Amino acid sequence: MSADVRWRRSERTVASREVDVESANAVIAPRLRASWQRSARYGAPEDEVRPVFTGSLDTGSLLYECGNEVLRGLQATLANEPVSLMITDSEGLVLSRLCTDASIVRSLDRVHLAPGFYFAESNAGTNGLGLALADRAPTLVRAAEHYCTGLRGYTCAAVPVLDPLTGALAGSVNLTTWSDQSSELLLALAQAAAGNTAALMLARASGRTPRPAPRGEVFRVHSDRFDPADAPRLSPGWSDALGEVGSALSRGRVVAVVGEAGAGKTALASAARRATRPRDRVLNARPPAPDDVDTWLTLWTPELEKEGTCVIVSGVDTLPAWAAAELAGLFAEARQEGEPPPFVLTAEDAGALPEALAPLVEVVVEVPALRFRPDDILPLAYHFARRDRGREVAFTPAAVRALTACDWPENAKQLRRVVREAASRSDVIDSRHLPAEVFSGVGHRLSRLQAMERDEIVRCLAEPGATVVGAAEKLGMGRATLYRKMGQYGIKARQFRS
């Protein structure tokens, strides 16, 4: 059965339901309808959940640890209630399930809403946790609002959990009960549990501050600020991608620029357009928090109708599914009315492009991570320092070695932050002006005490004339112990030599 036929059939089903979806909350009803459409296109089963099982669960993640701790506390207050409490990952894989009611446990087992099974929209159709993950918004799906008839005996409340350090979707908290039970407080409980889970994750994540929630920034880059002579000369990895994007835009193609976070996807798209059309405006729209999407779309989409404007929508892989569908519809309308403006999407991976936007893309260009472009580190460092300081800044040999030896896991964004902070302290940047993160090659999250120890080791080694022996004495530890600690934190002594 085709997706269109399945959707028409689902529309008739909605119309005949006992629950009047049309009278539902005006904000929720369009989301449910869009989710039903996606479920039909996915080919999700209409009568029973077909299990998709994985044999391995990530029970060592921070989400699993913190989520279970929060849910155990909540479960103690719901001891006599038929409510199942679950944690899922960002793909809809159920990681854990807590429930003391034997009857609902047996029932959930029959529909495979259990650890090890996937419950994304593509697997189970419209359901609470699947829709919460798709739209990245708190969601309540009651009884007959489920796409699959086999799930209509339940009401599910789910809330996405965002990683407090990166802002990425980590997973969800899902509370499920019988459909004839009162659901008034179910969503509030799920929201509280998700918030407490994120707070606990932050408290245990080395004490670092979270990234602020996005507010849907929209800003224009005017052509009179663009000076090609000011742009650094970079390696073929960058310049080839720059040429591909510029060529595709000049031919009127819709381009997706993909690559790791912080690699410079938006900067590359902007530079590519302005190199060939310097008088054009470049508008960059960054995705907002889920609650701000309506305002965000209203704010900038009128620009699609204006000539001489290149539109870049950054991070479309973080857009709620319904917002991506809305954006695709607006772009389609702009194309029907005339020649649309150059349109660029950015995402971390081509496979992560939202289903509604992926068919629009005609050219995909990847920006290599900075660790694969080591020749670009120093040119970018000088460029960032000059731009932020307002004059030329020098780097000592020790600072050069440290910068070029770093893997830059956060890419150019991290390099710019490091250089900006160092340039604010001196016109001649030495290794002692650089933060400990530059010297540490550790690939896992450090505890607060470990981070303090690493930073103190780096501070002692970065002092002028410092040696490993002298640093060990100052730190009050043996030389062998210091070497072991340096190995543990990925710190290399040669990075500090002048």
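Student: Which residues is leucine 434 in contact with, leaving aside its neighbours within four places in sequence?
Tutor: Ala399, Ala402, Leu403, Val418, Ala422, Ile429 and Phe439. Contact here means heavy atoms within 4.5 Å. Before we go on: the model is predicted, local features need a pLDDT of at least 70, and side-chain atom pairs count only at pLDDT 80 or more, while totals for chains, interfaces and linings use all residues. Residues are numbered from 1 along each chain as its sequence is written, and side-chain values use heavy atoms, with hydrogens and water left out.

Student: What makes something a nonpolar core, and which residues have the most contacts inside the largest one?
Tutor: A core is a set of buried Ala, Val, Leu, Ile, Met, Phe, Trp, Tyr and Cys residues, joined through side-chain atoms within 4.5 Å. Buried means under 20% relative accessible area (over 50% is exposed, in between is partly exposed, with a 1.4 Å probe and protein chains only). The largest core has 53 residues, and Trp408, Leu415 and Leu434 have the most contacts inside it. A second, separate core has 28 residues, including Cys66, Val70, Leu74 and Ala170.

Student: How much of the protein chain counts as buried?
Tutor: 49% of its 498 residues. The chain has 17 helices and 13 strands; those are DSSP runs numbered from the N terminus, helices being H or I with at least four residues and strands E with at least two. Among contacts between residues at least 6 apart in sequence, 71% join residues at least 24 apart.

Student: Which residues of helix H13 (residues 397–405) are buried?
Tutor: Ala398, Ala399, Ala402 and Leu403. They span an arc of only 130 degrees around the axis, which puts them on the same side of H13. That arc is taken over the directions from the helix axis to the C-beta atoms. As a rule, an α-helix has 3.6 residues a turn, so residues three or four places apart point the same way. Covering the buried residues of H13 are, among others, helix H12 (377–389) and helix H14 (411–423).

Student: Why does asparagine 411 count as buried?
Tutor: Its relative accessible area is 0%, so it is buried. Asparagine 411 lies in H14 and has a positive phi of about 65 degrees although it is not a glycine. For context, most residues other than glycine have a negative phi.

Student: What makes helix H6 (residues 128–135) largely enclosed?
Tutor: Seven of its eight residues are buried, so the rest of the structure largely encloses it. Those seven are Gly128, Leu129, Gly130, Leu131, Ala132, Leu133 and Asp135.

Student: How do you know that asparagine 127 caps the N-terminal end of H6?
Tutor: One of its side-chain oxygens lies 3.3 Å from the backbone nitrogen of leucine 129. A polar contact is a pair of N or O atoms within 3.5 Å; within protein, one must be able to donate a hydrogen and the other to accept it, and residues adjacent in sequence count only if both atoms are side-chain atoms. Just after H6, arginine 136 takes a positive phi of about 55 degrees.

Student: What is the sense of pairing of strand S8 (residues 281–285) and strand S9 (residues 309–313)?
Tutor: Parallel, over five bridges. Strands pair if DSSP finds at least two bridges between them, so this qualifies. The chain crosses from S8 through helix H10 (residues 293–300) to S9, and this β-α-β crossover is right-handed. That label applies if, with the strands pointing away from the viewer, the path from the first strand over the helix to the second runs clockwise. S8 is mostly covered, with four of its five residues buried.

Student: Why does tryptophan 296 count as buried?
Tutor: Its relative accessibility is 3%, so it counts as buried. Tryptophan 296 lies in H10. Threonine 301, in the loop between H10 and S9, counts as buried at 12%. A polar atom of the threonine 301 side chain lies 2.5 Å from the backbone oxygen of leucine 297.

Student: Why does aspartate 163 count as buried?
Tutor: Its relative accessibility is 19%, so it counts as buried. Aspartate 163 lies in the loop between strand S4 (154–162) and strand S5 (169–178). A polar atom of its side chain lies 3.3 Å from the backbone nitrogen of threonine 166.
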